[in-house]
Amino acid sequence: YRMSISWSRIFPKGDEEEPNEAGLRFYDQVIDELLAHGIEPMVTISHYENPLHLSLEYGGWKNRRLVDFYLKYTKVLLQRYQGKVKYWLTFNEINMLTEPFGAYFCAGMADPADNNEPCRFQAMHHQLVASALAVRMAHEIDPENHVGCMLAYHNGYAYTCHPKDVFYAQQYGQIHNSIAGDVHVRGAYPGFARRYFKEHGITLAVQPEDAQILKAGTVDFVSISYYSSTCVSMTQDGETTAGNGTANIKNPHLETSDWGWQIDALGLRYVLNQIYDRYQIPIIIVENGLGAVDEVDADGRIHDVYRIDYMKKHVEQMKEAILDGVDLIGYTCWGCTDLVSASTGEMKKRYGLIYVDKHDDGTGDLGRRPKDSFYWYQKVIRSNGEDLR
C-alpha cells in the first residue's frame with residue numbers, strides 16, 4: 001500500500017527542533033494496522049504538502065535551507081519506522097516542477113514572482129540534493145531500506161511523422177521526464193539539460209559538493225504515475241486535451257475519460273520499456289487509475305465497469321512489459337478510496353475502488369461503499385494479476 005506522510009503533522013511549521021509526537025503516533029497506528037493485515041507500506045516522504053510556514057518564511061524550495069529541514073524530518077521517519085517500512089519514495093512527482101503549477105504544488109513557492117523556469121529548476125535542484133542525501137541516510141540507518149524516486153511520466157507521441165515532430169517528442173520526454181530521472185538514477189545532469197538551461201537563461205546555484213552528493217545518492221528503483229498519453233508537435237496545431245499536469249494535442253486514435261484524459265494502455269508498455277531501457281533498475285507503478293463520474297444505483301451498488309476495463313487493460317500491458325524483460329516489481333493503483341482530485345479540486349472526479357459519500361457541494365456523510373472494481377481488484381491481487389475476469 002503506497003501512502004504518504006504529511007510533513008506538517010510531524011513538524012507543523014517545518015523548522016522546529018523537535019517533532020510532534022501526536023503526529024507520529026497517528027502514523028504508528030496506520031503502519032501497525034497495515035502490518036497486522038499483511039500489507040507492506042510504501043511511504044512517500046513528501047507529497048505536495050510543504051508546510052505553509054516554510055513557504056511564507058523561507059520562500060519554499062528555492063531556498064536551500066529546506067534541504068536541512070527535509071533531512072531532519074526524513075531522519076525522524078526513518079528511525080521511527082525502522083524495520084516496519086522498507087520502501088520509501090523521497091518526493092512525489094518531482095518532475096512536475098517543469099510545469100508552471102509545480103512551483104506551488106511541488107516546491108511550496110507561494111510568491112507568484114517565483115513561478116518561472118529558473119526558480120522551478122533551482123527548487124528541483126535543491127530537492128534532488130535532498131533526495132540524494134536522504135537515500136544515503138536511509139541506507140545508513142537500515143541497509144534493508146529501498147529508496148526510490150517518483151516521476152509523473154509524460155508520454156507525448158509525435159503528432160506526425162515529420163522529423164521535426166519526432167525530434168520534438170524526444171526533447172519533450174527529455175525535459176519533462178529525464179532531467180529529474182537521470183539525476184536520481186545516474187547521479188548527474190544529462191548533457192541536454194546543460195544546453196536547455198543555457199538556452200533558457202537558467203543558471204543553477206550549485207554548491208561544490210553537490211556533484212558528489214548526487215553521484216553518491218542514486219535511487220534503488222524508479223516509481224512512476226501513469227494515467228494517459230498525448231501528442232506533441234512543432235509543425236501542426238490540433239485539438240488539445242488534458243492529462244496529468246499537461247495539456248497537449250489530442251490523439252485521434254484513443255478514447256478519452258470524462259475529463260479528457262486519453263486512455264492508452266499500450267502506452268504503459270511503451271513507457272515501461274522506455275524507462276527500463278534507459279535505467280536498467282527495478283520499476284514500480286505507484287499511480288494508475290481512472291477518474292470518472294460514479295453513480296450509486298438504487299440497490300446501493302456502484303457498477304464501475306469502465307474502471308475495471310481500464311485497469312484490466314493496463315495490467316495486461318504490464319504483463320507484456322515483463323515478458324519484454326522489464327523488471328517491474330510492483331503496482332499500486334490510484335486510488336483506494338475516493339478523494340478530492342488534485343487536478344480539478346472535485347469530489348465528482350472519482351478514482352477510488354471504494355466510494356466515499358461526499359460531494360462537491362459539501363453534502364454527504366463520508367460513508368464508504370465498495371464499488372464493483374473493489375471486488376474485481378481483490379481477485380487481481382489475490383492471484384498476482386492472473387485472474388482478470
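## Basis of the values

This is a predicted model, in which local features need pLDDT of at least 70 and side-chain atom pairs count only at pLDDT 80 or more, while totals for chains, interfaces and linings use all residues. Residues are numbered from 1 along each chain as its sequence is written, and side-chain values use heavy atoms, with hydrogens and water left out.

A cavity is a set of points, on a 1 Å grid over the protein atoms alone, where a 1.4 Å probe fits but cannot get out, and lining residues have an atom within 4 Å of a point. Grid points are joined across faces, edges and corners, and a volume is the space filled by probe spheres set on the points. The model has 5 cavities of 30 Å³ or more.

The largest cavity holds about 110 Å³, and among its 14 lining residues Tyr153, His154, Ser228, Asn244 and Thr246 lie nearest the centre. The second largest cavity, at about 60 Å³, has a lining that includes Tyr227, Ser228, Trp261, Tyr310 and Lys349.

## The second largest pocket

A pocket is an open set of points with protein on both sides within 12 Å along at least five of seven lines. The second largest pocket has a volume of about 380 Å³, and of its 15 lining residues Gln171, Tyr172, Ile175, Tyr196 and His200 are closest to the centre.

Helices, which are DSSP runs of H or I with at least four residues, are numbered from the N terminus. Helix H7 (163-186) and helix H8 (191-199) each supply at least two residues of this lining, and the largest share, 8 residues, comes from H7.
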